[in-house]
Amino acid sequence: MIRLIALRLAFGAMTLWAASVLIFAGTEILPGDLATALLQNSATPENVAELRERLGLNRPALVRYGEWLGHAAVGDLGTSLSNERPVASELAPRLRNTLFLAVFAASIAVPLAVILGLLAAIWEGSLFDRGVNMITLMTISVPEYLVGYLLVKYLAVQWDLFPALANVTQDMELGERLYFSFLPMVTLVLVVVAHMMRMTRASVLAIMASPYVEMAFLKGLSKSRVVIRHAFPNALAPIISVIALNLAYLVVGVVVVEAVFVYPGLGQLMVDAVSKHDLPVVQACGLLFASAFILLNLMADVMGILSNPRLRKPR
Amino acid sequence: MSRTLGDVILDVRNLRITAGKNVLVHDVSFQLRRGEVLGLIGESGAGKSTIGLAAMGYTRAGCGITGGSMVYDGTDIRSMDEAGRRNLRGTHIAYIAQSAAASFNPAHTILDQVCEIPFRESGLSREAVRARAISLFRELDLPDPEHFGDRFPHQVSGGQLQRAMAAMAMCARPDIVVFDEPTTALDVTTQVEVLASFRKLIREHNTSAIYITHDLAVVAQIADEIMVLRHGRMVEHGPATQILQNPQQDYTRRLVADRAEGHLDRPEAEARPLLELSHVTASYSGLFKVTNDVSLTIHRGDTLAVVGESGSGKSTLARVIMGLLPREQGDIVFDGTPLSTGLRQRTPDQLRRIQMIYQSPDVALNPNQTLYEIIGRPVSFYFGRKRDTRARVLELLRLMDLPESYIDRKPGALSGGQKQRVGIARALAAEPDLIICDEVTSALDQLVGEEILRLLKRLQDELGIAYLFITHDLGTVKRIANKVAVMLKGQMVAGGETRVVFAPPLHPYTDLLLSSVPEMRADWLDEVLLRGK
Amino acid sequence: MKLFGHRLTIPAAIGLAIVAINVIAALGAPILAPFPEAEVVGDAWAEADATYWLGLDNLGRDIFSRLLYGARMSIGLSLLITMLSFALGIVMGFTAAIAKGWVDTLLSRGVDLMLAMPTLIFAFVVLSVLGTDIPVLIVTLAILDSVKVFRLARSLAVGISALEYVEVAKLRGERLPWIITREILPNAMAPLIAEFGLRFTFAFLFVAALSFLGLGIQPPAADWGSMVRDYREVIALDVPAPFYPAGAIALMTIGVNFVVDWMLSIHASSHGRRA
């Protein structure tokens, strides 16, 4: 089992490295000259030459990649093209904000989804189950911005309970921060809970259909005991997997939510950078997001291995 | 085998179980005494499992007990509420399922699961329960009884797990144990040991049992009374000896019938064999020799049975012959011409003349094709314009005793036996010289399987086809094959004419196999155990 | 009521109706729309009346007409992306399953790697350099999505190839194209079609999200995502404009999801419950 985990960690490291290559090389293999593409309409020969000089585009790609990666490892993420400031200093507060929002949302979404999913599976076919099924099927079809704007329209505008724009600043108190982040958090939760709940339900249902669960019933155990003692230990692995998968999805969904509420997070920064063709910022943000995504998937797999009894004690 | 039986502890009258509009069990009645074993015999769909589960007050989803009464210890189970029935299960009536591997929770140790119910219900201390479990392990001849329970289910073998399940059932000291096809999934040699352990266990504790199986020979070893079921109805019911020796009903007679040995001598063999294997060896990626130095000969019109237990390499041999698994050493010569090791180099004619029929008709036939497409493709592929495909397919359907109207149907509409006939028709469509039959009756009910065997025999008489018949069932071998090859771990330990191989002096493994086949006599098991000692 | 031999449930019927309406809107936009998509016909944010059924937008264009043209753009684009990703994914997946060996290992490991990385981020990186031309959008998203189709196609092909009736065809000497088209593909259709529906909703929501962020379809082309973006300034006022395109997106996705759910339940029941 140690071997399995080590292999998985190695794969994770390799994936991270591959992501960095892709993020960097993604811009290299694209057709056309990079500097011209970045400058778009203001691409005069002088500007292009100057940009090429600045980005060091005249040097071989491999060297530049090594430099970029090396610098990134120590925290130097380059300089922004749009405002000449070091990328790292721009990123830090934004990263904090995004993490705050994600953790806030996850801490509510995960328990809610798992419990709902578990109950729906245990009471399969009941009114509760079918109702929840229908509602979540609709929720996962609804884009985050619709949910967000509906919340803004009613909770912020009509009933004035929460602010429409999440103007979170550095020096806020925790309570104030929570208040301003409430609506974006709810939006995120609504979208993610639906996915997680459906997957949890499916996993638990699959387990409840196993022969050893029927055997437990045939031994005369009550339903609650069967669920807790027999189904749940085996459902742990798939549920953890589901949670991690959805947390990874959260990382990406946060971008749209930040746009809706103009929340000063990493997602907003990246979107702005993309439209301004600010390459160093895009690459740095990309690297951070990709790392979070890969790390979460990695944790999901490792926990899946750890909680599988067949792997813990091999033949 | 007369033992002192006690009072009636389970009295079932006019039991009726339905699933929606379908009636699964019609009007079944029986009485079970203390210490008595009732054998429930029948083919698949007869309702035996349903009755066994119903005796515990349990029905599967969609089914319900809609009539009759089941009186246990003075109370009708049907009148109990769910809590009452739950109380019954595990502690008074216990269940042993067909597949132990699937019935044990992979997340807990064996001991935890064996002791689970007595911990909660018996009122004994945990230590006492554990001691009881360990003594049960010992009674069941499990290795290292003290520590056996500390293992997880995936760490022990199938036969051991099946016995552990018996320990789990007995640990709560139930009055009745329901055995639901517990040895069906095991190898023949393992089956004997497990069966003996079960019998010893229930006799020692004077437990009553309902033993469900489709194999009469097995039930003969353990049952005092036998009830024969068919389509949910009781066909015949009586003492075991009477049912076996003097069956009254026609259906029972067919089940019990001493399957006559066929005429097994072939006419003079031609000088040139049809298929000849010389020292053939093959392995998967060079690691383990799945076929090890095998040599055999088949002449036209022969039936050569390749027999062995699971893992013996008998199915792999077929794949080596067909070219799906390239051989590493040895030669295969078909009708005078050497066959290439791989599939790609063989000529269409070589491919055509050796055909294969598979065990499970559900996966051997493309569910999206009609019978015309399935049977007709080989005709058009091999013979093209030289044959009228549709006429030929109709001819083959007639030969198989299948209605001609089925030609445009898809396999999903057919029964298991019918699908198997389609598989045979498909093989025949290529007009082969040799057909390899890979466990073709193992997935079918006993009587249906016998019909298929009769069909194959008729075809051989009419068309002179040779068969390579792969099976684990020695009974079948004795009846249909004039030659036999006994496989063990990839090697052929005995081979030649059947009457020679199965007569003394026997190779020890052949001896073991032959003696493990349950015979339809009640005292067979005792004989085997005596001999074993 | 039955469709293709299976009973329609109420959600499935509703879903089909929604999809049908949207497809008609998309195909018939030039004929059905009362006004051209980019023409200014009145004051900004004029209220809905008999002429302008849903009112006018931030530049004075008819919202209803833009909605119809937007259907064309959003649905058409997503359909194209899905078809491309499917073609790619199926070819690669079947090849990997049948060729086995190093081809399979290479493709599978490559796909595992790609699946472990967030597609949105990569889309961003590519778009930040290439800009947001429609062809670029289509190709990028199609390639990124094809890896998920690959997974399903490969596992289906592997599963079906392991069944004996495929071996029968091989033993007969049938050629590979015949085996793929006559033995494997027909039995893989049902799950593949369901997956097509799912991939479509994903592409659809993705394109809309990109447009909403300003990185997808650019104005003046009408597209539901960018319409939401354009209209969001009036959320605080009582103008319902932004909810029309957003609601249309949600409705279409719900419709497809209902249909896909129904298809999956048919497939599951015909393969599971036979005991």
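Guide: Two residues are in contact if their C-beta atoms, placed from the backbone, lie within 7 Å. Before we use that, some housekeeping. Residues are numbered from 1 along each chain as its sequence is written, while chains are lettered from A and ligands numbered from 1 in the order in which they are written. This is a predicted model, in which local features need pLDDT of at least 70 and side-chain atom pairs count only at pLDDT 80 or more, whereas totals for chains, interfaces and linings use all residues.

Visitor: Take one residue, then. What is B:V307 in contact with, leaving aside its neighbours within four places in sequence?

Guide: The list is B:T471, B:H472, B:L474, B:V477, B:V484, B:V486 and B:M487.

Visitor: Which strand does B:V307 lie in, and what counts as a strand?

Guide: Strands (E, at least two residues) and helices (H or I, at least four) are DSSP runs, numbered from the N terminus. B:V307 belongs to strand 13 of chain B, residues 303–307.

Visitor: How do I read the length of a helix, say helix 18 of chain B?

Guide: Compare its span with the expected one, which is 1.5 Å times one less than its number of residues. Helix 18 of chain B (446–463) has 18 residues and reaches 26 Å from first C-alpha to last, close to the 26 Å expected. Helix 8 of chain B (188–204), with 17 residues, reaches 25 Å, close to the expected 24 Å.

Visitor: Which residues of helix 18 of chain B are buried?

Guide: They are B:G449, B:I452, B:L453 and B:L456. These residues cover an arc of only 100° around the axis, so they are on the same side of helix 18 of chain B; the arc is that of the directions from the helix axis to the C-beta atoms. The face turned away from that buried side carries the exposed residues B:R454, B:R458, B:D461 and B:E462. Among the elements covering the buried residues are helix 17 (416–429), strand 18 (466–471) and helix 19 (474–480) of chain B.

Visitor: How many helices does chain A have, and how many does chain C have?

Guide: Chain A has 13 helices and zero strands, and chain C has nine helices and two strands. Buried residues are 42% of the 315 in chain A and 48% of the 275 in chain C. The C-alpha trace of chain C spans about 75 × 50 × 30 Å along its principal axes.

Visitor: At what angle do helix 5 and helix 10 of chain A cross?

Guide: Axes are lines fitted to C-alpha atoms, for helices over the stretch in contact, and angles run from 0 to 180 degrees between N-to-C directions. The axes of helix 5 (87–122) and helix 10 (223–261) of chain A come within 10 Å and cross at roughly 145°. The residues making the contact include A:L101, A:A105 and A:V110 of helix 5 of chain A and A:I243, A:L247 and A:V251 of helix 10 of chain A.

Visitor: And between chains, how many residues of chain C are in contact with chain A?

Guide: 35 residues of chain C touch 42 residues of chain A. Helix 4 of chain C supplies the largest share of that side of chain C, ten residues. For classes, Ala, Val, Leu, Ile, Met, Phe, Trp, Tyr, Cys and Pro count as nonpolar, Asp, Glu, Lys and Arg as charged, and the others, Gly among them, as polar. The side of chain C that touches chain A has 27 nonpolar, six polar and two charged residues.

Visitor: How many residues of chain C are in contact with chain B?

Guide: Eleven residues of chain C are in contact with 14 of chain B. Helix 6 of chain C gives the most to that side of chain C, with six residues. The side of chain C that touches chain B divides into five nonpolar, two polar and four charged residues.

Notes. Buried ≥ 20, exposed ≤ 12 C-beta atoms within 10 Å, placed from the backbone.
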